[in-house]
Amino acid sequence: MRFLSMTIIERIEQDFKEAMKAKQEVVLSTLRLVRTALKNKQIEIQHPLTDPEVTAVLKTMIKQYQDAISDFTN
């Protein structure tokens, strides 16, 4: 039952590999953005990210993109 103890980063990496194999360009592009943001945060705080830290980065990204969509539609 490896799946139950998988971290969010491990799941993102697994999904990234699956998207590459399936040639899912939109998913791949999205996961690249997520991986880059997580790597930048890890560099900033100088230690491997915990699941709560990953969640915080993802929430920030979601808010930024929702705001950009809102601005674009207005």
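**Helices that cross**

Guide: In this predicted model, α2 passes α3 in a right-handed crossing.

Visitor: Which residues make up α2 and α3, and at what angle do their axes cross?

Guide: Helix α2 covers residues 25–45 and helix α3 covers residues 51–73. Their axes come within 10 Å and cross at roughly 125 degrees.
That makes α2 oblique to α3, because roughly perpendicular ends at 115 degrees and roughly antiparallel needs over 145.

Visitor: How do you know that α2 meets α3?

Guide: Contact needs heavy atoms within 4.5 Å. On the α2 side, L33, V34, A37, L38, K41 and I45 take part. On the α3 side, they meet E53, V54, V57, L58, M61 and Y65.
The residues of this contact divide into 10 nonpolar, no polar and two charged.

Visitor: Why is R35 said to sit over the ring of F16?

Guide: The charged end of R35 is 4.0 Å from the centre of that ring. The distance cut-off is 6 Å, and the charge must also be within 35 degrees of the ring normal. R35 therefore counts as sitting over the F16 ring.

Visitor: What pattern does the protein follow along the sequence?

Guide: The pattern is α-α-α. There are three helices and zero strands. The C-alpha trace spans about 45 × 35 × 20 Å along its principal axes.

How values were computed. Residues numbered from 1 in each chain as written. Predicted model: local features only at pLDDT ≥ 70, side-chain atom pairs only at ≥ 80, totals over all residues. Heavy atoms only, no water. Axes fitted to C-alpha atoms, helices over the stretch in contact; angles between N-to-C directions. Helix = DSSP H or I, 4+ residues; strand = E, 2+ residues; numbered from the N terminus. Parallel < 35°, antiparallel > 145°, perpendicular 65-115°, else oblique. Left-handed = near helix turned anticlockwise from the far one by under 90°. Nonpolar A, V, L, I, M, F, W, Y, C, P; charged D, E, K, R; others polar.
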